[in-house]
Amino acid sequence: MTDASLNTEYDVVVVGAGPVGENVADRVRAAGLSAAVVEVELIGGECSYWACMPSKALLRPVVARADARRVPGLSDAVQGPLDTAAVLAHRDTYASHWKDDGQVAWVEGIGADIYRGRGRLTGERAVSVTAPDGTEHRLTARRAVAVCTGSRAVVPDLPGIDGARPWTSREATSAKKVPGRLVIVGGGVVGVEMATVWQALGARVTMLVRGKGLLPKMEPFAGELVGTALTEAGADIRTGASVAAVRRAVPDGPVTVELAGGEEIEADEILFATGRAPRTDDLGLETVGLEPGSWLTVDDSCRVEGTTWLYAVGDVNHRALLTHQGKYQARIAGAAIAARAAGVPQLETGRWGAHAATADHAAVPQVVFTDPEAASVGLTLAGAERAGHRVRAVDQDFAAVAGSGLYADGYRGRARMVVDLDREILLGVTFVGPGIGELLHSATVAVAGEVPIDRLWHAVPAYPTISEVWLRLLEAYRDA
């Protein structure tokens, strides 16, 4: 670690050392700029220790067993319960046992300096870091400050919430034992993934969903298929349900959940998966004329509107709250910072330019790692219609694809592509079914590349793979 008394000035100061901050630092270092990285928790951030990595490590054994149970000759061998201790140990390994030595080595390996402590803006291009021992380091950025502090789970302000000790996504992905009964409030990605995990490990799961169904940001059939599978696995899914209060009379005792209609549900743990808020409340935004606790509005190069030096990258700009999308923004922002530092007279900020995060608007991919998996990129049918496009949705049952039947007996799934009828390109694609997560990137290439339908005809899917669904979708579009 660099002694701030010897070197307090850098080209770029990055506040937040999750995957997004790491990638900003990497890009500006690759361009020859000096960089400091500030982190108050573990280097590697939310994704590495409490989100992407531990959650997917928990989900993989669950989904693998489900797939195996649908394969003749193998199904009888995998009817028993999962080895819970082994699953949790597998999770711990992928969370690096909540130690960041490897991530520290990576950041130091790119030539960036690490400052541990809480970073706060104190004025234009100025960041103060309060170290754990109380030492204060003052850093100055010659070129840019990049805020990459991410987001945190929101727990609603309900009667009894303080004493109920509810789970958020952090506790759900790092829990050391399986709760006997688990109530999950919320039907989004975190809710359905954690329901999949803990149900499979033996918990009795009740999902309380305020809306009409699961995965509301995806095509409606995605939530329907995932919900059906969860129900068949034993979960109790209640839609149109609102929590009015919670209470836990004894610290180690059960939690009681009171619904708006007066019904009470008792559980061992309650998980709130009800949204995210930006980690900007203690960032010193007021010192540069911005509102503490707010999402930061940026242009397509991720530069905060109204400034020439401040960038907000990843969750804090509220464009696409996904790790891979934040890393994409980091590559764009890093390139823009470097170009402006080099005095490039005109950046490529037009649509799909080198300094524009266009995919945030047009081609955001996401995989929900449930059983079945749900994956989408671009616009849903409803989203495309709201945006004013003249579109048509083309649907295909995966059961009609030879590769799906070979993958699993009784394969259930559905695919949809949303076609812009004026330009004859794809605006969005959704797949739901076992093993379709790796199929998504082909759709992402088609949407981001704006590949014409007549050219997609020449992208021949191998037989017999699940990818042959592309041919069936194109045939359905042609024959309609």
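**View 1. Helix 1 beside helix 10.** In this predicted model, the axes of helix 1 (residues 19-30) and helix 10 (residues 323-341) come within 8 Å and cross at roughly 25°. The two helices, helix 1 and helix 10, are therefore roughly parallel to each other, and helix 1 passes helix 10 in a right-handed crossing. On the side of helix 1 the contact is made by Pro19, Val20, Asn23, Val24, Arg27 and Val28, while helix 10 contributes Thr323, Gly326, Lys327, Ala330, Arg331, Gly334 and Ile337.

View 2. Helix 4 (residues 84-94) has as its buried residues Val87, Leu88, Arg91 and Asp92. Seen down the axis of helix 4, these buried residues fall within an arc of 140°, so they line one face of the helix. Among the elements that cover the buried residues of helix 4 are helix 3 (52-68), helix 7 (169-174) and helix 8 (189-200). Helix 4 is followed by Ser96, which lies in the loop between helix 4 and helix 5 (101-109). Although Ser96 is not a glycine, its phi is positive, at about 55°, and Ser96 is partly exposed, with a relative accessible area of 38%.

**View 3. Helix 8 beside helix 9.** The axes of helix 8 and helix 9 (residues 220-233) come within 11 Å and cross at roughly 25°, and helix 8 and helix 9 are therefore roughly parallel to each other. Helix 8 passes helix 9 in a left-handed crossing, with a contact made by Val192, Ala195, Thr196 and Gln199 of helix 8 and by Val226, Leu230 and Ala233 of helix 9. The residues of this contact between helix 8 and helix 9 divide into five nonpolar and two polar, with no charged residue.

**View 4. The loop residue His318.** His318 is found in the loop that runs between strand 16 (310-312) and helix 10. Most residues other than glycine have a negative phi.

View 5. Most peptide bonds are trans. A cis peptide bond joins Asp371 and Pro372, where omega is about 5°, and Pro372 has its place in the loop between strand 17 (365-368) and strand 18. The peptide bond from Tyr463 to Pro464 is also cis, with omega near -5°, and Pro464 is placed in the loop between helix 15 (453-456) and helix 16 (469-479).

**View 6. The surroundings of Thr380.** Thr380 lies in the loop between strand 18 (373-378) and helix 12 (381-386). With a relative accessible area of 16%, Thr380 is buried. When residues up to four places away in sequence are not counted, Thr380 touches Lys217, Met218, Glu219 and Val418.

Conventions:
Residues numbered from 1 in each chain as written. Predicted model: local features only at pLDDT ≥ 70, side-chain atom pairs only at ≥ 80, totals over all residues. Heavy atoms only, no water. Axes fitted to C-alpha atoms, helices over the stretch in contact; angles between N-to-C directions. Helix = DSSP H or I, 4+ residues; strand = E, 2+ residues; numbered from the N terminus. Parallel < 35°, antiparallel > 145°, perpendicular 65-115°, else oblique. Left-handed = near helix turned anticlockwise from the far one by under 90°. Contact = heavy atoms within 4.5 Å. Buried < 20%, exposed > 50% of the residue type's maximum accessible area, 1.4 Å probe, protein only. Arc of directions from axis to C-beta. Nonpolar A, V, L, I, M, F, W, Y, C, P; charged D, E, K, R; others polar.
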